[in-house]
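Here is a brisk walk through one model. Keep the sequence and the coordinates open as you read.

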Amino acid sequence: MELEEVAGRVDRLAADVTGAAARLAHADPGSRAFAGDGPGALFAVGRDLHDQWSAALAAREREAAAHGARLAELGDRLRWAADGYRAAEDAAHRRHRPEVT
Amino acid sequence: MDLLARLAAPAQDLLERVDRALLTGGAPAGHPIWPLLRRLGALPGELVIELAATTPESLRAAADPLRELARAYVDGLDLMPGAAGWRGDAAEAFGAQWRALAAHLADGADSMAGGLTGTASYVDDVAGWLAATRDAVAVALARCLGSTEAATLRALPAGALGSGVAGLAGGWLATGAPGAMAGPRSAILAAAGIGAHLLRAAADGLDHGEALHSRWAGRLDELPYRPTPAPAPPADTHLALPS
C-alpha cells in the first residue's frame with residue numbers, strides 16, 4: 001500500500017473520530033428521561049444520575065476530539081513523509097537521466 | 001406503555017385527594033408516613049404523577065448510538081494496514097505510534113470503544129433502575145386503587161378536601177357531610193396509609209438509585225492517552241517500502 005493511501009485512510013479515520021464528538025453531543029435524552037425533573041429526593045437522584053451521564057458523555061466527546069486530532073496529525077506526518085520520499089525519488093531520477101545536448 | 005403509565009390517568013383523582021388530605025389534615029403523630037415524607041421530601045401524589053410522566057423509552061434508546069459508535073471505532077481500525085509491509089527505523093516508529101493510537105481507540109475495555117460501551121451499559125442500568133422503580137410504584141398504586149382507604153377518600157365530597165390551607169377538618173365541617181361517610185380522621189388515616197404505601201415503594205427506588213450512582217462513580221472518567229515512549233533517534237530516517 002502506498003504511503004499516500006495510508007495517509008488518506010488515517011485522514012478519513014481522523015475525520016470519523018472527530019465527527020463522533022459532535023454526534024455524542026446530541027445523544028442526551030435530557031434530565032426528564034432520567035427522572036431528574038420532579039420534587040424531592042427521588043428526583044434528586046435522577047438529576048445526579050443524569051449529571052453522571054452528562055459527565056460521561058462529555059468525557060467521550062473530549063476523547064474523540066483529542067484522538068481525532070492525534071490521528072489527523074499522524075496523517076499529516078505520513079503525507080509529509082510521502083512528499084519527502086517522492087521528492088527524493090524525483091531528484092534521483094533527475095540525477096540519472098541522460099543529459100540532452 | 002408500562003403499568004404506571006396505564007394507571008396514571010385513572011389514579012390521578014385519588015392521588016390528588018391523598019395529597020390534599022395530607023396537606024390540609026396532616027397525619028397522626030408516629031404514623032409510618034412521617035419518616036418516609038422526610039426521606040423522600042415529596043408528597044406521594046405529586047411524586048407518583050411526576051414519576052409517571054418520565055419517559056424510560058428514550059433512556060433505553062440513548063445507549064444505541066453509543067454502541068454503534070463503538071463498533072465504528074473497531075471497524076475503522078480494520079481499514080488500516082498497519083506498517084507490516086514497510087521496513088526501516090521510521091517505519092518501526094510509525095508502527096509503534098499506530099499501535100498506541102489503535103489500542104487507545106478500540107482495544108478492549110480500556111479503550112475509547114470500551115468507554116462508549118461502558119457508558120451505554122451505564123444508561124442501560126439507569127433505564128433498568130427507572131423501570132423497576134416505576135413498576136414497584138405502579139404495583140403499590142394498583143393495590144391502593146382497590147383499597148378501602150381509597151374508597152374512604154373517594155367518598156369524601158370534593159369540598160371536604162379544600163385546596164391548601166383550609167384544612168381537612170374545616171372543609172369537612174363546612175360541607176356538613178357526616179353520617180354514613182367516614183369522618184375527617186378516617187380520611188386522614190386513609191390518606192396517610194395510601195401515602196405511606198406509595199412512598200415506601202419510592203424509597204426502595206431511592207435506595208437503589210443512590211446505590212447505582214455510587215456503583216458507577218469514577219468508572220466513566222475520561223481515558224488518558226498513553227503515547228508510546230519516544231524511540232531512540234533512528235540511524236535511518238527513511239521509510240523503505242517493499243518493491
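**From single residues to the interface**

Phe43(A) is buried, because 25 other C-beta atoms lie within 10 Å, and 20 or more is the cut-off for that class. The model is predicted, and this residue belongs to helix α2 of chain A, which covers residues 40-96. Set aside the neighbours within four places in sequence. Phe43(A) then contacts Ala35(A), Gly36(A), Asp37(A) and Gly38(A), and also Glu50(B). Ala22(A) is 21 residues from Phe43(A) along the chain, and their C-alpha atoms are separated by 29 Å.

Now take another residue of α2 in chain A. Arg95(A) is found in that helix too. Is Arg95(A) buried or exposed? Arg95(A) is exposed, because its count of other C-beta atoms within 10 Å is 7, and exposed residues are those with 12 or fewer. Between Arg95(A) and Gly75(A) there are 30 Å in space, C-alpha to C-alpha, for 20 residues in sequence.

Turn to chain B. How many helices and strands does chain B have? Chain B has 10 helices and zero strands. From the N terminus on, its elements read α-α-α-α-α-α-α-α-α-α. Of its 243 residues, 40% are buried. Consider the contacts in chain B between residues at least 6 apart in sequence: 84% of them join residues at least 24 apart.

Two helix pairs show how α1(B) packs. The crossing of α1(B) past α3(B) is left-handed. On the α1(B) side, the contact is made by Leu4(B), Ala5(B), Ala8(B), Gln12(B), Leu15(B), Glu16(B), Val18(B) and Asp19(B). α3(B) brings Pro44(B), Gly45(B), Glu46(B), Val48(B), Ile49(B), Leu51(B) and Ala52(B). By class, the residues of this contact between α1(B) and α3(B) are 10 nonpolar, two polar and three charged.

The second pair joins α1(B) to helix α8 of chain B, residues 148-155. Here the angle is about 80 degrees, and the axes are 10 Å apart. α1(B) and α8(B) are therefore roughly perpendicular to each other, as the class runs from 65 to 115 degrees. Leu14(B), Arg17(B), Val18(B) and Ala21(B) of α1(B) meet Ala150(B), Leu153(B) and Arg154(B) of α8(B). The residues in the contact of α1(B) with α8(B) divide into five nonpolar, no polar and two charged.

Next comes the contact between the chains. It takes 49 residues from chain B and 39 residues from chain A. Which elements give two or more residues to the side of chain B that touches chain A? They are α2 (33-40), α3 (44-52), α4 (56-61), α5 (63-78), α6 (89-106), α7 (112-145) and α10 (184-216) of chain B. This side of chain B holds 30 nonpolar, 13 polar and six charged residues.

Last, confidence. The predictor gives the complex an ipTM of 0.87 and a pTM of 0.85. Chain B has a mean pLDDT of 85, and 81% of its residues reach 70 or more. Over residues 163-182 of chain B, the pLDDT is below 50. Beyond near neighbours in sequence, that stretch has 36 contacts in the model. Where pLDDT is low, predicted coordinates should not be read in detail.

How values were computed:
Residues are numbered from 1 along each chain as its sequence is written. Chains are lettered from A and ligands numbered from 1 in the order in which they are written. This is a predicted model: local features need pLDDT of at least 70, side-chain atom pairs count only at pLDDT 80 or more; totals for chains, interfaces and linings use all residues. Two residues are in contact if their C-beta atoms, placed from the backbone, lie within 7 Å. Helices (H or I, at least four residues) and strands (E, at least two) are DSSP runs, numbered from the N terminus. Ala, Val, Leu, Ile, Met, Phe, Trp, Tyr, Cys and Pro count as nonpolar, Asp, Glu, Lys and Arg as charged, and the others, Gly among them, as polar. pLDDT is the predictor's confidence in each residue, from 0 to 100. A crossing is left-handed if the near helix is turned anticlockwise from the far one by less than a right angle, and right-handed if clockwise. Axes are lines fitted to C-alpha atoms, for helices over the stretch in contact, and angles run from 0 to 180 degrees between N-to-C directions. Angles under 35 degrees count as roughly parallel, over 145 as roughly antiparallel, 65 to 115 as roughly perpendicular and the rest as oblique.
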